[in-house]
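User: I'd like to go through the helix packing and a few residues in this one. Can you take my questions as they come?

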Amino acid sequence: MARALDLSMRASYELTRLAVAATALVLMAWAWRLFTPNLLVRALLLMPMAMFQVISPTIDGLSIASAVLLAALFSARCGAPRGEPNRLQECALYACTFLLVTSRTNLAPLLLLPLWLLVRRFSASHLLAWVALCVACAGWTLYGLASTADSRLVRNHGTLEILAIYLQDPLGFARLVRDTLMDSQTGYFYAYSFVGMMGWLDAAVTKEEMKTIWCCLALALAVTLGSTRYLWRDAAARALLLFVGLASSALVFLALAISWNDHPVAIIPGVQGRYFIVPARLAAPALGPMGQAASPAGRVVAHGLTAVFALGSLYIMATTLSERYGLLRLL
């Protein structure tokens, strides 16, 4: 579009950023109409790091929005009567799954979500659709692994070779992940870059702001857990969402180990906290209401805390970027 309109590089950048932000907001608005997010989901979306990704001309904001929509579609289909098909929602769920799995290899566990819906409402057409989805995701991922190389990396082994090494020794890889997590600086870096290391990791919020954001996330988690009435009928769907989030988080380490590192290594460098935002977003809906309407008091509390957190995060993000880049006028 920018080339057709003969735009400058700066204008092209802004056009791309506008297109990404607008698309992400449309997807999240659709998700909200399908399934009202709980307070923890809202807090994760309103972190400075997440908001920065949404307004950036990169794939990250679209990944977050697609994950929001996918979780909403899954929750809506789980709560729908068994004999009530909805082709639009089903096609959107498959499309979101394909886009996320093929753009983020650690999100391969997402294939379990349409499988669960297939088990609940089995039909030959749904089975064929799920098999086609798996084949398409596997084919594209294997093609990418085999054909993509980062010229910045000089390695003695290829990506598929390193993957085969770790698959042959899963306990050795588990020890490597353990050593990575136990490294003195790794955990702190993950926590910091999860909520507020923007730009090229050079626009970080202050330590006090980082701690405040984590306290707000803890409060959102406590309020969500305390205001939710858990039912046995939702147990399987909740467990699946939690498993998908945890498994996707664990696979972040495998994805970086085979694509960004050589073999052997003492720890797995290259992992950033922002890589865990999408897995956290997938798990968070399982901790809140799934079909039950919140009480009026609960809605008032959730809306009030959401507004306070949104204003605070927006202020932190704007001041941090302004002080580092002088780009406040672009926000």
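User: At what angle do α4 and α6 pack, and how far apart are their axes?
Analyst: The model is a predicted one. In it, α4 and α6 pack at about 10°, and their axes are 11 Å apart. With that angle under the 35 degrees cut-off, α4 is roughly parallel to α6.

User: Which residues of α4 and α6 make the contact?
Analyst: On the α4 side they are Leu-70, Phe-74, Arg-77 and Cys-78. From α6 come Leu-113, Trp-116, Leu-117 and Arg-120.

User: And how do the residues of that α4 and α6 contact divide by class?
Analyst: Six are nonpolar, two are charged and none is polar.

User: Next, α8 and α12. What is the angle there?
Analyst: About 130°, with the axes of α8 and α12 8 Å apart. Helix α8 covers residues 159–168. The two helices are therefore oblique to each other.

User: Which residues meet between α8 and α12?
Analyst: Thr-159, Ile-162, Leu-163 and Tyr-166 of α8 meet Leu-254, Ala-257 and Ile-258 of α12. By class, the α8 and α12 contact has six nonpolar residues, one polar and no charged.

User: Switching to α5. How many residues does α5 have, and what does it reach end to end?
Analyst: α5 runs over residues 87–103, which is 17 residues. From first C-alpha to last it reaches 24 Å, close to the 24 Å expected at 1.5 Å a residue.

User: Which residues of α5 are buried?
Analyst: Gln-89, Glu-90, Ala-92, Leu-93, Tyr-94, Cys-96, Thr-97, Leu-100, Val-101 and Thr-102.

User: What covers the buried residues of α5?
Analyst: The cover includes α1 (9–34), α4 (59–79), α6 (112–120) and α7 (124–147).

User: What about α1, what should its residues span?
Analyst: The 26 residues of α1 should span 38 Å at 1.5 Å a residue, and the end C-alpha atoms are 38 Å apart, which agrees. Buried in α1 are Ser-12, Arg-17, Val-20, Ala-21, Ala-24, Met-28 and Ala-31. These buried residues pack against α2 (39–45), α3 (48–54) and α4.

User: Aromatics now. How many aromatic pairs are in the whole structure?
Analyst: A search of the whole structure gives eight. In one of them, the ring centres of Trp-140 and Tyr-143 are 5.8 Å apart and the planes are at 45°, so that pair is tilted.

User: Where do Trp-140 and Tyr-143 lie?
Analyst: Both are in helix α7, three residues apart, about one turn of the helix. Trp-140 has 49% relative accessibility and so counts as partly exposed. Tyr-143 is exposed, with a relative accessible area of 52%. The cut-off for exposed is over 50%.

User: How are the rings of Phe-253 and Phe-276 placed?
Analyst: Their centres are 5.9 Å apart with the planes at 45°, so this pair is tilted. Phe-253 is in helix α12 (residues 235–259) and Phe-276 is in the loop between α12 and α13 (277–283), so the pair links distant parts of the chain, 23 residues apart.

User: Are Phe-253 and Phe-276 buried or exposed?
Analyst: Both are buried. Phe-253 and Phe-276 also form one aromatic cluster with Phe-189 and Tyr-190.

User: Where is Val-278, and what does it touch?
Analyst: Val-278 is in helix α13. Not counting residues up to four places away in sequence, Val-278 touches Ser-63, Ile-64, Ala-67 and Leu-107. Val-278 is buried, with a relative accessible area of 10%.

User: How are the C-alpha atoms of Val-278 and Leu-100 separated?
Analyst: By 9.7 Å, while the two are 178 residues apart along the chain.

User: Last topic, Glu-209. What is it in contact with?
Analyst: Leaving aside neighbours within four places in sequence, Glu-209 is in contact with Ile-316 and Thr-320. Glu-209 lies in helix α11 (residues 207–226).

User: And Thr-320, where is it and what does it touch?
Analyst: Thr-320 is in helix α14 (residues 296–325). Besides Glu-209, Thr-320 touches Met-198, Ala-203, Ala-204 and Val-205, not counting residues up to four places away in sequence. Thr-320 is buried, with a relative accessible area of 6%.

How values were computed. Residues are numbered from 1 along each chain as its sequence is written. This is a predicted model: local features need pLDDT of at least 70, side-chain atom pairs count only at pLDDT 80 or more; totals for chains, interfaces and linings use all residues. Side-chain values use heavy atoms; hydrogens and water are left out. Helices (H or I, at least four residues) and strands (E, at least two) are DSSP runs, numbered from the N terminus. The expected span of a helix is 1.5 Å times one less than its number of residues. Buried means under 20% relative accessible area, exposed over 50%, partly exposed in between (1.4 Å probe, protein chains only). Contact means heavy atoms within 4.5 Å. Rings of Phe, Tyr and Trp (its six-membered ring) pair if their centres lie within 6.5 Å; planes under 30 degrees apart count as stacked, over 60 as edge-to-face and the rest as tilted. Axes are lines fitted to C-alpha atoms, for helices over the stretch in contact, and angles run from 0 to 180 degrees between N-to-C directions. Angles under 35 degrees count as roughly parallel, over 145 as roughly antiparallel, 65 to 115 as roughly perpendicular and the rest as oblique. Ala, Val, Leu, Ile, Met, Phe, Trp, Tyr, Cys and Pro count as nonpolar, Asp, Glu, Lys and Arg as charged, and the others, Gly among them, as polar.
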